[in-house]
Amino acid sequence: TSSVSVIYPTNLPPGDSAYEQPFNVYGPAGSLAFRDTPLVINSGTASFGNPETDGFGWDSASKTLTLSGLCLVTDQSYAISLSTDAIVETSADTVNIAKLTAALGNTEVVYGNANLEFKGQGSLMLLASSATTWSEALYLANGNLTVTDGDLITIGASAALSGGIHTSSGSVSFNGGTVLAAGGHATNYNFGVNSEKTITIAPGARIASLSGVAGNDSQALIAEQAGIAVNGGYLLASAGYSSAANSLAVQAGNGDMAVSGGIVKALAGGCSGNSYGIRLLDGADPDTFGAFHGSAGVVLTSSGGIGNRNYAIECAGNLYQTGGQLLALATRPGTISGYAFGAYADTATLEGGGLTALGAYAKYSTGLAATLELMGGQTVAVGANADTESNGVQGPTMAVSGGELWAVSGNASFTRGVFLYTDLYVQHSGEVYLRSGDSGGGDSHALWTPLAAGSIVLIGGRLE
């Protein structure tokens with residue numbers, strides 16, 4: 001709001017003379033410079049354009065495209081094409097717009113075929129038009145994307161596939177600045193940020209990645225074949241409704257997710273399939289990938305779909321928490337059915353920080369489903385009210401040698417604070433507090449194991 005006070009668009013219904021005029025944008029830097037011809041830049045393009053008069057300027061020596069109040073509105077399938085390594089820099093206090101208007105087969109506001117960096121002290125808005133096949137605001141066929149600073153807004157429009165930012169072979173690094181990436185309505189897939197390789201968020205970066213309504217998966221932020229690292233900053237990943245498949249706020253398809261600082265909010269909406277706040281897949285190497293590592297910062301992840309399964313966080317591998325806070329909340333609104341898992345992993349190894357995991361209002365509600373190794377910190381696992389079964393913690397075994405565990409189940413026909421297949425070990429300074437809800441005449445157990453071989457081993461510590 002400090003840069004733009006009034007915008008009059010041209011794409012409103014005809015016949016009203018009040019709107020039959022070009023864009024008029026007023027701000028500290030004055031009006032925009034208008035252009036309706038795409039900018040095409042490759043490795044042999046000589047320097048051209050003047051930022052002061054044309055709103056843009058390409059410097060071939062530094063491979064820098066400077067934007068200084070450019071309003072590029074075109075009926076072509078792209079607005080800016082970059083086939084060489086390039087830097088796009090916005091001048092201080094300027095607003096820059098690149099917008100597509102034609103409904104074509106494929107539309108990409110910015111098309112890149114090499115490494116691309118965005119930086120500057122101004123803002124850039126990339127607004128795609130509707131398309132038959134795909135509508136993307138920023139697409140890199142090759143190379144890596146880096147955002148250093150400045151404000152970047154990327155909005156996809158309605159199409160079979162719609163997205164804000166897409167790198168089909170490279171990585172995405174958010175080193176600073178403020179980014180809003182959003183997909184429009186999609187009959188197939190919808191995403192905010194889709195990267196083939198690693199997604200990294202550094203301190204100082206502020207990222208909002210949003211996916212809208214989709215016929216297939218609605219994915220807010222996804223690393224297709226790699227992991228995700230949040231070293232600081234702020235990430236909001238919010239996934240919209242999927243009418244036939246899954247809603248996923250954050251997904252790593254072949255890697256881990258590590259949070260060593262900052263704030264992460266991963267929110268998955270309704271769907272007819274499964275809903276995931278954070279989903280970490282094992283990909284080609286189940287012994288290595290699919291793990292969550294939390295050492296600092298705060299992570300809030302939630303899922304609330306109407307499909308069969310809801311996971312606030314699902315790890316194909318292990319969940320490691322050495323510091324920071326992880327809050328995982330899953331619920332199934334509407335008619336009580338299906339499953340709700342706060343946290344689901346192969347093994348949960350908790351050495352410090354805090355984990356709060358809640359599964360609620362499903363046919364089967366579980367706070368934490370994993371083999372649990374608790375050595376420090378505080379863990380609260382709650383299976384809230386359920387139609388059939390509620391478990392605070394459910395898994396093969398549990399060993400508590402330090403820290404504090406609260407495992408609580410809500411009201412259900414079968415309600416168990418801890419549901420183990422084999423053994424419970426409590427030793428050293430570990431503390432375990434188990435509570436179960438009202439079964440209404442069914443089974444209510446603070447601790448329950450279905451196997452005769454199951455045992456409780458208490459060597460110091462506290463079990464209540």
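1. A word on terms before we start: strands here are DSSP runs of at least two residues, numbered from the N terminus. Please also keep in mind that this is a predicted model.

2. With that in hand, have a look at I306. You will find I306 in the loop that runs between β29 (292-303) and β30 (309-315). Its relative accessibility is 43%, so I306 counts as partly exposed, since that class lies between the buried limit of 20% and the exposed limit of 50%.

3. Together with V213 and Y241, I306 makes a nonpolar surface patch of about 240 Å².

4. Now turn to A369, which sits in strand β35 (residues 362-374). Is A369 buried or exposed? A369 counts as buried because its relative accessibility is 8%, and buried means under 20%.

5. What does A369 touch, leaving aside its neighbours within four places in sequence? The contacts of A369 are F341, A343, Y344, A345 and Q394.

6. Along the chain, T90 and A369 are 279 residues apart, and 48 Å separates their C-alpha atoms. T90 is one of the residues that line the largest cavity.

7. How many cavities of 30 Å³ or more does the structure hold? There is one, and the volume of the largest cavity is about 50 Å³. Besides T90, its lining includes F118, K119, G122 and L124, along with D149, G150, D151 and L152. Two elements, β12 (116-120) and β16 (151-155), each give two or more residues to that lining.

Terms used. Residues are numbered from 1 along each chain as its sequence is written. This is a predicted model: local features need pLDDT of at least 70, side-chain atom pairs count only at pLDDT 80 or more; totals for chains, interfaces and linings use all residues. Side-chain values use heavy atoms; hydrogens and water are left out. Patches are made of residues with over 30% relative accessible area and no salt bridge: like charges are joined within 9 Å, nonpolar side chains (Val, Leu, Ile, Met, Phe, Trp, Tyr) within 5 Å. Accessible areas come from the Shrake-Rupley method with a 1.4 Å probe; for residues, only the protein chains shown count as cover. A salt bridge is a side-chain nitrogen of Lys or Arg within 4 Å of a carboxyl oxygen of Asp or Glu. Helices (H or I, at least four residues) and strands (E, at least two) are DSSP runs, numbered from the N terminus. Buried means under 20% relative accessible area, exposed over 50%, partly exposed in between (1.4 Å probe, protein chains only). Contact means heavy atoms within 4.5 Å. On a 1 Å grid over the protein atoms alone, a cavity is a set of points where a 1.4 Å probe fits but cannot get out, and a pocket is an open set with protein on both sides within 12 Å along at least five of seven lines; lining residues have an atom within 4 Å of a point. Grid points are joined across faces, edges and corners, and a volume is the space filled by probe spheres set on the points.
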